[in-house]
Amino acid sequence: MKKVRFRFSKKCHNLLTQLMKHEDGWVFNVPVDAKGFGLHDYHTIVKEPMDLGTVKAKLGEGLYESPLDFAEDVRLNLLLTMRFFGILLGMRCIVWLSFC
C-alpha cells in the first residue's frame with residue numbers, strides 16, 4: 001500500500017508545484033490574511049480555510065489517503081479564492097488546472 005501512496009503522492013506533488021508556480025499562484029499559496037484584505041467576515045463564513053501551502057504540508061506528512069482527498073483540498077482552496085477574491089481569478093486557475 002505504501003508504494004501506491006508514494007506513486008500518487010509524487011504525481012500530486014508535481015501538480016501542486018505547477019499550481020504554486022502559476023502566475024496567479026500567490027493568492028492560493030498562503031493562508032488568507034483576512035485582516036489585511038479587509039475580509040472581516042472571512043473566519044465567520046469559512047469554517048475550514050485551505051491554502052496550497054497547507055496542502056503541500058499535508059502531502060509531505062502523508063496525510064492524504066488517496067488522490068481524491070488531495071483533490072478535495074485543492075478544490076476547496078480554489079472555491080474559497082473565487083468566493084473572496086473574484087470568480088475571474090479562480091476560474092482562470094480552474095481552466096488552467098483542467099489542462100494539467
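A word on conventions before the structure itself. Residues are numbered from 1 along each chain as its sequence is written, and side-chain values use heavy atoms, with hydrogens and water left out. Because the model is predicted, local features need pLDDT of at least 70 and side-chain atom pairs count only at pLDDT 80 or more, whereas totals for chains, interfaces and linings use all residues.

Let me start with the overall layout. The protein has 6 helices and 0 strands, where helices (H or I, at least four residues) and strands (E, at least two) are DSSP runs numbered from the N terminus. Of its 100 residues, 33% are buried, and here buried means under 20% relative accessible area, exposed over 50%, and partly exposed in between, with a 1.4 Å probe and protein chains only. The protein exposes about 6,800 Å², of which carbon and sulfur atoms supply 62%; these areas come from the Shrake-Rupley method with a 1.4 Å probe, and for residues only the protein chains shown count as cover. If we take the contacts (heavy atoms within 4.5 Å) with a separation of 6 or more, residues 24 or more positions apart account for 66% of them.

The largest nonpolar core has 14 residues, a nonpolar core being a set of buried Ala, Val, Leu, Ile, Met, Phe, Trp, Tyr and Cys residues joined through side-chain atoms within 4.5 Å. Those that touch the most other members are Leu-16, Leu-52, Val-55, Leu-59, Tyr-64, Phe-70 and Val-74. Helix H1 (2-21), helix H2 (26-29), H4 and H5 each supply at least two residues of this core, and H1 gives the most, with 4 residues. A second, separate core of 6 residues includes Tyr-42, Val-46, Leu-80 and Phe-84.

Which residues of H4 (residues 52-60) are buried? They are Leu-52, Val-55 and Leu-59, and they lie on the same side of H4 because they cover an arc of only 50° around the axis, the arc being that of the directions from the helix axis to the C-beta atoms. At the start of H4, a side-chain oxygen of Asp-51 reaches to within 2.9 Å of the backbone nitrogen of Gly-53, and just after H4, Gly-62 takes a positive phi of about 70°.

That brings me to the charged pair. A search of the whole structure finds 1 salt bridge, defined as a side-chain nitrogen of Lys or Arg within 4 Å of a carboxyl oxygen of Asp or Glu. Lys-58 forms a salt bridge with Asp-73, with the closest N and O atoms 2.7 Å apart; the pair links distant parts of the chain, since Lys-58 is in helix H4 and Asp-73 in helix H5 (residues 67-85), 15 residues apart.

Technical notes: Polar contact = N/O pair within 3.5 Å; in protein donor to acceptor, adjacent residues only side chain to side chain.
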